[in-house]
Amino acid sequence: MKIVVIGGSGLIGSKLVTKLREHGHDAVAASPNSGVNTLTGEGLAEVLKGASVVVDVSNSPSFEDAAVMEFFQTSTRNLLTYEAAAGVGHHVALSIVGSDRLPDSGYLRAKIVQEKLIKESSIPYSIVRATQFFEFVMRIADSATDGDTVRLPPVRFQPIAADDVASAVCKVAMGSPLNGIVEIAGPEQFRFDELIRLGLSGRKDPREVIADPHARYFGTELSERSLVPGDDAQLGETRFEDWLSRSASQIPPTNPQPIAVAAASNGASGPQRK
Ligand SMILES: NC(=O)c1ccc[n+]([C@@H]2O[C@H](COP(=O)([O-])OP(=O)(O)OC[C@H]3O[C@@H](n4cnc5c(N)ncnc54)[C@H](OP(=O)(O)O)[C@@H]3O)[C@@H](O)[C@H]2O)c1
């Protein structure tokens, strides 16, 4: 099958394209880098010619409320219009567990609008809602940082490896349209603050993580089960600590001081690292 992956150069998209090709499909990565822009419609008619399935794993370059709404609304509308004209038989999109429970988050409001447009379109569809990716942990920490402190609510948290997300989306894309939603998550539950603390210490990041029930997560307060899936969720295989030890060995520690700067500010003569 010809399967077009919108956002095929991204974190999930690039893994997905590889997996679909391994299964023998003609997977085409489409994004602005390859001349396909869902916001403007550029390149869509050409890339969708002969496609049976479209998987949308694109993301907004900006997470600012208005920009993210504009991105998911306009790009989803364009995509569905061009798909209908091309006779695409299955639209698959990646969304987020709990999107419908957190209306104070501008990002999640935009994901709900994306889901609604898909449900209302004439094209058979599958929506895969994933929990937060392991790879997203540092961005979460950064957004919750004030000085050297990270504040997060100690609610349940069940993140998943991007590799497991790509495998689950691959399976859905190769199957029949669900005309519904499936949830996917990692194999273990943590407390939100506990997981971020583990992630930071795995990278030797000195920030302190404080459990604060009222700390906001991308603009929204969370309750105990806001971010975790229902009982029917499909679970990935990768454990966070295994992923962390593999990935931490490939990433330099966060914010290392350049050796020359560290030496100068310490008044030291030899090379030093903070
Ligand atoms: N982060 C999480 O924890 C999480 C959890 C659940 C679900 N999700 C969802 O997963 C999806 C994929 O996330 P990701 O982290 O893999 O994204 P990502 O790595 O940021 O990749 C974004 C992709 O979108 C493409 N893109 C940007 N603007 C575009 C446009 N105008 N037209 C077409 N493509 C465009 C980019 O193309 P270029 O490279 O050419 O710019 C890139 O391929 C998102 O929809 C997100 O909501 C994320």
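Select residues 65-86 first. This is helix 3, with 22 residues and a reach of 32 Å from its first C-alpha to its last, close to the 32 Å expected at 1.5 Å a residue. The model you are viewing is predicted.

Now show side chains on the helix. Val 68, Phe 71, Phe 72, Ser 75, Thr 76, Leu 79, Leu 80 and Glu 83 are buried in helix 3. They lie on the same side of helix 3, because they cover an arc of only 130° around the axis.

Turn to the opposite face. Away from the buried side, helix 3 carries the exposed residues Ala 66, Thr 81 and Ala 85.

Next, look at what covers the buried residues of helix 3. The cover includes strand 1 (2-6), helix 2 (44-48), strand 3 (53-56), strand 4 (90-96) and helix 4 (106-120).

Step off the end of the helix. Gly 87 follows helix 3 and has a positive phi, near 75°.

Move on to strand 4. Together with helix 4 and strand 5, strand 4 makes a right-handed β-α-β unit. Strands 4 and 5 run parallel and are joined by six bridges. Pick Leu 94: opposite it, in strand 5, stands Val 128.

Select residues 125-130 for strand 5. Six of its six residues are buried, so strand 5 is largely enclosed by the rest of the structure. Both faces are covered: one side has Tyr 125, Ile 127 and Arg 129, the other Ser 126, Val 128 and Ala 130, all buried.

Finish at strand 9, residues 180-185. Strand 9 runs parallel to strand 5, with five bridges joining the two. Highlight Glu 183 here: this strand 9 residue is the bridge partner of Arg 129.

Notes. Residues numbered from 1 in each chain as written. Predicted model: local features only at pLDDT ≥ 70, side-chain atom pairs only at ≥ 80, totals over all residues. Heavy atoms only, no water. Helix = DSSP H or I, 4+ residues; strand = E, 2+ residues; numbered from the N terminus. Expected span 1.5 Å × (residues − 1). Buried < 20%, exposed > 50% of the residue type's maximum accessible area, 1.4 Å probe, protein only. Arc of directions from axis to C-beta. Contact = heavy atoms within 4.5 Å. Pairing = 2+ DSSP bridges. Right-handed = clockwise from strand over helix to strand, strands pointing away.
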